[in-house]
Amino acid sequence: MSLSFLQDKQNTTVVPMSHTMKLGPKLINSYVLGWISIIVTLVSVGGGVEYPAINCRKHSAVLTDFGGVGDGTTSNTFAFKSAITNLSEYVDDGGALLVVPPGKWLTGSFNLTSHFTLFLQKDAVILASQDESEWPSLPVLPSYGRGRDAPDGRFSSLIFGTNLTDVVITGENGTIDGQGSYWWSKFKNDELKLTRPYLIEIMHSDQIQISNLTLLNSPSWFVHPIYSSNIIIQGLTILAPIDSPNTDGIDPDSCDNTRIEDCYIVSGDDCIAVKSGWDEYGIKVGIPTQHLIIRRLTCISPDSAMIALGSEMSGGIQDVRAEDNIAINTQSAVRIKTAVGRGAYVKDVFVKGMTLSTMKYVFWMTGSYGSHPDPDFDPSALPQITGINYRDIIADNVTYSARLEGITNDPFTGICISNVTIEVSEKKKKLQWNCTDIAGVTNSVTPQPCDLLPQNDGNECPYPDDILPIENVMFQTCTF
């Protein structure tokens, strides 16, 4: 069994990683109190490739063992499927690792299995096929009610998995290239009968790691964990043209206990979009995204947000923490998007330590986003937006300091903004703070905020002192 180790001066206590993920912050602190270190290691003997992972594997194979050809033109869809089918036999015997060696490996969609690692070596490139026959169709997501591009089904993601436990996608900064231009053209020309595929989608799963990869040119969203828990996304470089449609970087959707850190994203849409379902469909499914931390992100997205909360938030979004993030040449920083008909809530959001340069908006909230899956949304389903906290922010070359627009008879409340310095650009707008249907307080904010956010001297906006359980999950050092 793969283990996490909590070590003190005299003895070692061994705790299964799956248990560690479920420990509450107070219980975690009781383990740490009085201990000198937390060590998570698996000793490497005999050489080989080392890599960090939530769990190591007993068995391994190479894609070429199953007929893979890395010439960039031969389809490897069968090779990937055959490899994973064969390696799934080791689910109950220490799990398995599939190595993708250097080369260009063209493939259509394929499905992962549990207790499994997909490892891309340096100079390995997985190329997404542009042959639609290699992309199976899937039903629409139940919390969305229809496809995002077309009302019927959707194409399976390039790398897909559902009902999995303990799945790792990692490497030595190997590349997954979605070759999205084919799909972007079809979208722009209204030629799609099904919704475009995502690059990576994991559904109904637990214990997920996606790390140390370069992701290019997704047909639509890049990384989409949905209805899942205990997720670590780390060290990704995600690149798409800034005019590519809907190429969100990372979209945690109805997920619990997620850690996103040390990623660099250039996108045609939101670098990170936090979601939980769309209107009446999301309300019915009712699975929130909660207990999420995002840190040390660098984002470039001239037409979208560094971090968006919504607009599909009808299952609720709660306990989101963002710290030490950077946005450059980006439309907005941490943006809330919602509308009448969404229902649910966005609450207990904590942001600190943003560095922003060349921004249209620093603060942007909108209650009139307006996009709906169908005309049957409930106009009485009003979202609750409350407990939104920002502090310790430096921004330069800014056009608007803030655009904060709640909903008539449903104001956004409990907004707190403190210790913020904004330097406006030469093209600054005369009205720097545009505020309607909101309520909150500010402290030490320049330029002076709107009257709906009065000065509250001496009070810093809160940021939680506790640690999420996912923050205590440490990687082991694995080898093959």
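Predicted model: local features only at pLDDT ≥ 70, side-chain atom pairs only at ≥ 80, totals over all residues.
Visitor: Let's start with strand 10. How many of its residues are buried?
Guide: Five of the five residues of strand 10 (residues 116-120) are buried, so the strand is largely enclosed by the rest of the structure.

Visitor: Which residues cover each face?
Guide: Phe 116, Leu 118 and Leu 120 lie on one side. Thr 117 and Phe 119 lie on the other. Each of these residues is buried.

Visitor: What does strand 10 pair with?
Guide: Strand 7 (residues 96-100) runs parallel to strand 10, with five bridges between them. Strand 15 (residues 165-171) also pairs with strand 10 in the parallel sense, over five bridges.

Visitor: Which residue is the bridge partner of Val 100?
Guide: Leu 120, in strand 10.

Visitor: New topic. What is the strand order in the open sheet of four strands?
Guide: The order is 9-14-17-19, with parallel pairing. Strand 9 (110-111) and strand 19 (223-226) stand at the edges. Each has a single partner strand, so one side of each is left without a neighbour in the sheet.

Visitor: How many bridges join strand 14 to strand 17?
Guide: Four, between residues 159-162 of strand 14 and residues 200-203 of strand 17. Within that pair, Phe 160 stands opposite Glu 201.

Visitor: Now the backbone. Where are the cis peptide bonds you can show me?
Guide: One runs from Gly 310 to Ser 311, with omega near 5°. Another joins Thr 446 and Pro 447, where omega is about -5°. Most peptide bonds are trans.

Visitor: Where does Ser 311 sit?
Guide: In the loop between strand 26 (305-309) and strand 27 (317-330).

Visitor: And Pro 447?
Guide: Pro 447 is in the loop between strand 33 (438-446) and strand 34 (476-479).

Visitor: What about phi at Asn 230 and Asn 409?
Guide: Both values are positive, in residues other than glycine. Phi is near 55° at Asn 230 and near 65° at Asn 409. Most residues other than glycine have a negative phi.

Visitor: Is Asn 230 buried or exposed?
Guide: Buried, at 5% relative accessibility. Asn 230 is found in strand 20 (residues 229-239).

Visitor: And Asn 409, buried or exposed?
Guide: Exposed. Its relative accessible area is 74%, and the cut-off for exposed is over 50%. Asn 409 lies in the loop between strand 30 (384-405) and strand 31 (412-424).

Key:
Residues numbered from 1 in each chain as written. Heavy atoms only, no water. Helix = DSSP H or I, 4+ residues; strand = E, 2+ residues; numbered from the N terminus. Buried < 20%, exposed > 50% of the residue type's maximum accessible area, 1.4 Å probe, protein only. Pairing = 2+ DSSP bridges.
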